[in-house]
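Colleague: I'd like to learn how to read pockets in a model like this one. Could you walk me through it?

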Amino acid sequence: MRPKSVEELVEFINEANRDRRRLLPICRGSKAHLGPPVEYDEELQLWDMPKVLEIDEEEMVVRTSACISAVELQEELKKRGRRLAVDPPLFRKSSIGGILSTNFYGPMAYRYMTPRDQLLSVRIVTGKGEFMRYGAPVIKDVAGYNIKRLIAGSWGTLAVLVEAYLRIYALPDTVAVLATSRRALQELRKLYTVGAAEVDGVLYLRFEGVKSEVEYRLSKAGRGDVFYDREAEEKWGAVTEAEELFASNEVVKVVAPPASLPDVQPGVKYLRYPLLGVMYIAGPPPVGVKTYWLKPQRRWEIENRDLMEKIKQVFDPKGVLSPGRLP
């Protein structure tokens, strides 16, 4: 199925409900092979849907269709002196819809929070074939249930994301990335870094702001190799993209209190967010931590499963969208 409009998308989902067909919504497919397995009959390919991109530089909001690539959107924002403050793994291969549907985030979430938190409004087609809008394209939005946050991170099990309004941010005056040795968590928190990522025993710290402030923070951070501006963005992107790690046959996500993040065996590829308590490991997880298998695909042990099943019944009672992936 390749809908070319919202009307066709609604029609296709209604047909799937009548015929009891199970669909897997997909844009670029960068994460289709990750997470819990999906038992589906047909792909719902969304790439031919209309492309929408509207940037409001004054309100610091962007309206974007779900299947616009994250790189394309970032480049358009950069021309206006703006940016998305997100840096999840596989960013260069992802669509905006894929990032929001999985709520994949990177170490900059320490300062800017996750994509779910930056989401202001969504336009969706539910598993019942209903076209709906939740949220408002403004920063302050407190009316009613926060359904948009429910859609983000639902892995395409409740609705097909058509459009989103997201917060955007001004490009910083200076960006610096320091490659240094691992630090104690308490010391790391005092550096006021935008984000911290550790790979192969090297800790990468990102600093942003006016040049004098960045230089001051670097002076407090100690020794290491420093990259500025374009080189800093390239280095940070190479670290957070984690392309080689996610190409491994086994990938798990570990979540723990930041002070309790475990070490990995020597030689094992990993990406650690020490300030956030998140780590991706290319291989079996350590014992005694909360783990989500991404590759090979396995069921997740999910809290409040009964509540999630009730939510699924409201949005997709016949189980048309991404069946089996989440309750």
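Colleague: Which element gives the most to the lining of the second largest pocket?

Modeller: That is α9, with 8 residues; helices (H or I, at least four residues) and strands (E, at least two) are DSSP runs, numbered from the N terminus. This is a predicted model, where local features need pLDDT of at least 70 and side-chain atom pairs count only at pLDDT 80 or more, while totals for chains, interfaces and linings use all residues. Residues are numbered from 1 along each chain as its sequence is written, and side-chain values use heavy atoms, without hydrogens and water.

Colleague: What counts as a pocket, and what volume does the second largest pocket have?

Modeller: On a 1 Å grid over the protein atoms alone, a pocket is an open set of points where a 1.4 Å probe fits, with protein on both sides within 12 Å along at least five of seven lines; lining residues have an atom within 4 Å of a point. Here the volume, the space filled by probe spheres set on the points, is about 700 Å³. Of its 24 lining residues, Gln74, Lys78, Phe91, Glu233 and Gly237 are the closest to the centre.

Colleague: How many charged residues are in that lining?

Modeller: The lining of the second largest pocket has 12 charged (Asp, Glu, Lys and Arg), 9 nonpolar (Ala, Val, Leu, Ile, Met, Phe, Trp, Tyr, Cys and Pro) and 3 polar residues (the others, Gly among them).

Colleague: And what is the class make-up of the largest pocket's lining?

Modeller: There we have 18 nonpolar, 8 polar and 7 charged residues. The largest pocket has a volume of about 860 Å³, and α11 gives the most to its lining, with 4 residues.
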